[in-house]
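Hello,

Here is the structure I promised to pass on to you. Have a look at it first, and then read my notes below.

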Amino acid sequence: MFLYLSTWAEIERFLERSRTIVIPIGSNEQHGPTGLLGTDWMCPEIIAGEAQKKADILIAPTFNIGMAQHHLGFPGTISLRPSTFIAAIGDWTRSLAGHGFEKIFFLNGHGGNVASIEAAFSEIYCEASFARRQSGFALKLCNWWDLEGVDKLARDQFPTGHGMHATPSEIAVTQWAYPNSTKSADYSPQIAPSGPIREALDFRARHPDGRMGSDPAQATPEKGRQLVELAAQSLVRALDAFSREAMPG
Ligand code: NI
């Protein structure tokens with residue numbers, strides 16, 4: 001069930017049977033010569049969309065702009081400052097919590113978001129209206145590749161050239177969901193070099209085509225299908241466990 005395709009009355013009824021909601025969260029940033037700019041928000045959105053076909057879960061609109069300063073050397077990248085990102089996560093959470101959502105699950109698609117999402121959680125937990133709630137109010141961050149079994153499947157699919165950015169696994173997921181937007185290029189070198197992540201000009205100088213350690217040519221829609229199917233099943237289980245979490249004691 002998608003929030004954006006529901007009415008307020010349907011959400012009111014949903015809240016009578018569940019207090020849990022999923023927010024896909026990612027980034028709009030360059031993903032090498034063949035990866036779509038939306039890759040990091042599309043992957044969690046695709047997986048959440050598949051999961052809601054299998055279970056009675058609610059998916060919020062995708063939070064699709066994140067921490068991408070280091071990719072601003074490439075056209076099309078859009079980035080928030082950490083302070084803006086943290087403030088926006090706070091406002092989304094306050095809105096949803098005000099309706100009665102108690103378990104808010106952020107399914108993340110961009111490693112660069114992790115520190116700021118955790119900081120946002122700390123800010124929210126500091127607020128009096130969220131502190132010491134008897135109900136067990138909780139925020140959870142889960143990267144889609146950390147869903148049970150997904151990392152192992154990706155390693156089996158791509159034993160070499162998986163890398164850290166513009167990876168064949170994330171590109172495979174978008175190829176499966178958006179086959180008409182699949183791109184191709186000659187990669188040189190086939191597996192991109194790795195290196196540190198600093199600011200935007202430094203990043204482009206070190207990683208001229210935008211990839212880090214990856215060989216996206218290994219991506220196929222079929223591998224993407226396998227990843228999405230497994231991730232969606234694992235997400236349903238993770239949400240079930242999160243929903244049942246009670247305050248200890
Ligand atoms: Ni990515």
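Let me begin with helix 6, whose buried residues pack against helix 2, helix 5 and helix 8 (221-244). Contact here means heavy atoms within 4.5 Å, and buried means under 20% relative accessible area, with exposed over 50% and partly exposed in between (1.4 Å probe, protein chains only). Helices (H or I, at least four residues) and strands (E, at least two) are DSSP runs, numbered from the N terminus.

Before going further, a word on the source: this is a predicted model, where local features need pLDDT of at least 70, side-chain atom pairs count only at pLDDT 80 or more, and totals for chains, interfaces and linings use all residues. Residues are numbered from 1 along each chain as its sequence is written, and side-chain values use heavy atoms, with hydrogens and water left out.

Back to helix 6: 8 of its 10 residues are buried, so the helix is mostly covered. The buried ones are Pro168, Ser169, Glu170, Ile171, Ala172, Val173, Thr174 and Gln175.

The nickel ion has His31 (NE2), Asp40 (OD) and Glu170 (OE) as its protein donors, at 1.9 to 2.1 Å. Donors are N, O and S atoms within 2.8 Å of the metal (3.2 Å for Na, K and Ca); water is not among the atoms, so sites may look incomplete. The donor spacing in sequence reads H-x8-D-x129-E. Distant parts of the chain are linked here: histidine 31 sits in the loop between strand 1 and helix 2 (39-54), while glutamate 170 belongs to helix 6 (residues 168-177), 139 residues apart. Histidine 31 counts as buried because its relative accessibility is 1%, and glutamate 170 is buried at 7%.

On a 1 Å grid over the protein atoms alone, a cavity is a set of points where a 1.4 Å probe fits but cannot get out, and a pocket is an open set with protein on both sides within 12 Å along at least five of seven lines; lining residues have an atom within 4 Å of a point. Grid points are joined across faces, edges and corners, and a volume is the space filled by probe spheres set on the points.

The largest pocket has a volume of about 500 Å³. It is lined by 27 residues, and those closest to its centre are His162, Gly163, Met164, His165 and Thr167. Helix 5 (150-157) gives the most to this lining, with 4 residues, and helix 5 and helix 6 each supply at least two. By class, the lining of the largest pocket has 10 nonpolar, 12 polar and 5 charged residues. For these classes, Ala, Val, Leu, Ile, Met, Phe, Trp, Tyr, Cys and Pro count as nonpolar, Asp, Glu, Lys and Arg as charged, and the others, Gly among them, as polar.

There is 1 cavity of 30 Å³ or more, and the largest cavity holds about 50 Å³ of space. Its lining includes Thr34, Gly35 and Leu36, along with Ile171 and Thr174. That lining divides into 3 nonpolar, 6 polar and 1 charged.

Finally, serine 116 lies in helix 4 (residues 114-126) and counts as buried because its relative accessibility is 10%. Not counting residues up to four places away in sequence, serine 116 touches Met67, Pro82, Phe85 and Ile86.

Best wishes
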